[in-house]
Every structure is written in structure tokens, then in C-alpha cells.
Amino acid sequence: MFSTEESGAAPARTATAAPGLAGYSQEVLDEIAAVRKIVSDLHAELPKWELVVWTAGNVSQRLKSADLLVIKPSGVTYDELTPEKMVVCDLDGNLIDGDKAPSSDTAAHAYVYRNMPGVNGVVHTHSTYATAWAARAEPIPCVLTMMADEFGGDIPVGPFALIGDDSIGQGIVETLRDSRSRAVLMRNHGPFTIGKDAKDAVKAAVMVEEVARTVHISRQLGEPGRIGQADIDRLFDRYQNVYGQ
């Protein structure tokens, strides 16, 4: 579960800094360069796993050294993306550095970062099966051990919200603030995922589409059986605290 406390960290730029990155320390500039590369590379994972079409979808990561985020520019196709084209915004969604306008979902990402300090990566896709569940406004029930491992239960549905301001971000925070899930199906829109960094959030986006597809197919054969809550809790604890290296 990610905490939902308003971030109060002071900005890293100086009070007299000119627009852009001129007033930021070398530490911040170095991290921006590194995160631009990370975010650019991770965008390539979205078409690889068939989670997006054309220019839809976006990945962002919050910096550790300053109250800034790096995100995809709006309306740029995935094969055109490079680290240099990634844009830098503050945590109110204002453009700080970049040649293009930031993603139309930037306000939503920024709201999540302001209100969930434990979240450092946000991903949005329109992956087919997860979006189909969102169109039905139906949570994906926890009927697979993979879901218990990764999401700790059902994948919830968030409220309908229009694009353009932080309304979507408010819905994400409202839905996930008391949930172990790192994914939310925004009603009539699509999935948003969160993580400790952008790679973690991309993994959640891949996993939510996989379980959305599997549970949909299982329903064609009959109603799948839910996993009991005690078993979900044990599976989640093992996967989060014991599994892997």
C-alpha cells in the first residue's frame, strides 16, 4: 500500500533561476539525464507487450533529487521517442524543460506524485482487455495466484473523469489510497498503474493486461472461482517479501 500524504519537499531550483533547467544543481541535471533515458527506453516496452496503439499511453518517473517528473511528450509516436525528447515537468504538471508539450495525462501523473509520496512511477495504457473491463466498470476478480502475488486482490475500478486536469489523478489516488493494488481501471478510460519507479509501474501494466485477458477467457468457459482472502494474503506476503533474489 502506498501512503497518500501531500509532498512538502522544497524545490531544488534556486529562487532566481531562469525558466528551464539553468537554476538546477549538477546532481539534479545528472538525474534528469538518467531518468530521460530510463523513461524513453521503458516506452518501448509498451508496444512490445501490445499495450498501446499509435501515440496513446505514457510512462513517467519522479526524480529523487527534486520535485520534478519526466514524461513522454504529447502526440509523438513511439518509434520517434528518444531520451532528448522526454519532457521535464514540476509536480503541478508545468513544463520545465523540453521542446514539445507534455502528455495530456501529465496533470494526472503529477497529482499522484503530490499525494502518494511512495509512488515514483506512473503508467497509463489503453491495453485491450484491461480497457474492456474498464468500459464495463467491473473490477477484475482475484481468481489467479498471479493476481494475488502482484496486486494483493481484485483490481479496482476508479471513477469516470475527463482528461485535461487532475481529475483522473484524484480518482487514481481515491481508489488506490487504501488498496494493495498497483493498478486501477479508470471507468470508460483504461488502466493506470503505479510503482516504486517507472519500471515497476510498467511491469504492473504488463501484468494487469495479462490477468485481464486470462480472466476474460476463463469466463467464456464458466464463472472462475475466487481465491480465499487468507490465501490471497499469504500469496501476496510471499511474493512481496520472499520471492526472487
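1. Strand 3 to strand 4. In this predicted model, Cys-89 has Leu-95 of strand 4 as its bridge partner. Strand 4 covers residues 95-97, and two bridges join strand 3 to it. The two strands run antiparallel.

2. The turn between them. Strand 3 and strand 4 form a hairpin with four residues between the strands. Within this hairpin, Gly-93 takes a positive phi near 85°.

3. The other neighbour of strand 3. Strand 2, residues 68-71, is joined to strand 3 by four bridges. This pair is also antiparallel.

4. Faces of strand 3. Which residues of strand 3 point the same way as each other? Val-87 and Cys-89 point one way, while Val-88 and Asp-90 point the other way. In a regular strand the side chains alternate between the two faces of the sheet. The four residues named here are all buried, Asp-90 included.

5. Helix 3. Is helix 3 mostly covered or mostly open? The helix runs over residues 106-115 and is mostly covered, with nine of its ten residues buried. Tyr-111 and Tyr-113 are among the buried residues. His-109, Arg-114 and Asn-115 are buried as well.

6. What covers helix 3. Its buried residues pack against strand 2 and strand 3, the pair from point 3. They also pack against strand 1 (58-62), strand 5 (121-124) and strand 8 (190-195). A helix takes part too: helix 6, residues 167-176.

7. Overall fold. The protein chain has eight helices and eight strands. Of its 245 residues, 51% count as buried. Take the contacts between residues at least 6 apart in sequence: 66% of them join residues at least 24 apart.

8. Dimensions. How does the radius of gyration fit a compact globule? For 245 residues such a globule would have a value near 18 Å, and the protein chain has 18 Å, so the two agree. Along the principal axes, the C-alpha atoms fill a box of roughly 65 × 35 × 35 Å.

9. Surface and charge. The protein chain exposes about 11500 Å². Carbon and sulfur atoms supply 51% of that area. There are 23 positive and 33 negative side chains. The centres of these two sets lie 3 Å apart.

How values were computed. Residues numbered from 1 in each chain as written. Predicted model: local features only at pLDDT ≥ 70, side-chain atom pairs only at ≥ 80, totals over all residues. Heavy atoms only, no water. Buried < 20%, exposed > 50% of the residue type's maximum accessible area, 1.4 Å probe, protein only. Pairing = 2+ DSSP bridges. Rg over C-alpha atoms; globule rule 2.2 N^0.38 Å. Contact = heavy atoms within 4.5 Å. Areas by Shrake-Rupley, 256 points an atom, 1.4 Å probe, with all protein chains shown as cover. Lys, Arg positive; Asp, Glu negative; His and termini not counted. Charge placed at Lys NZ, Arg CZ, Asp CG, Glu CD.
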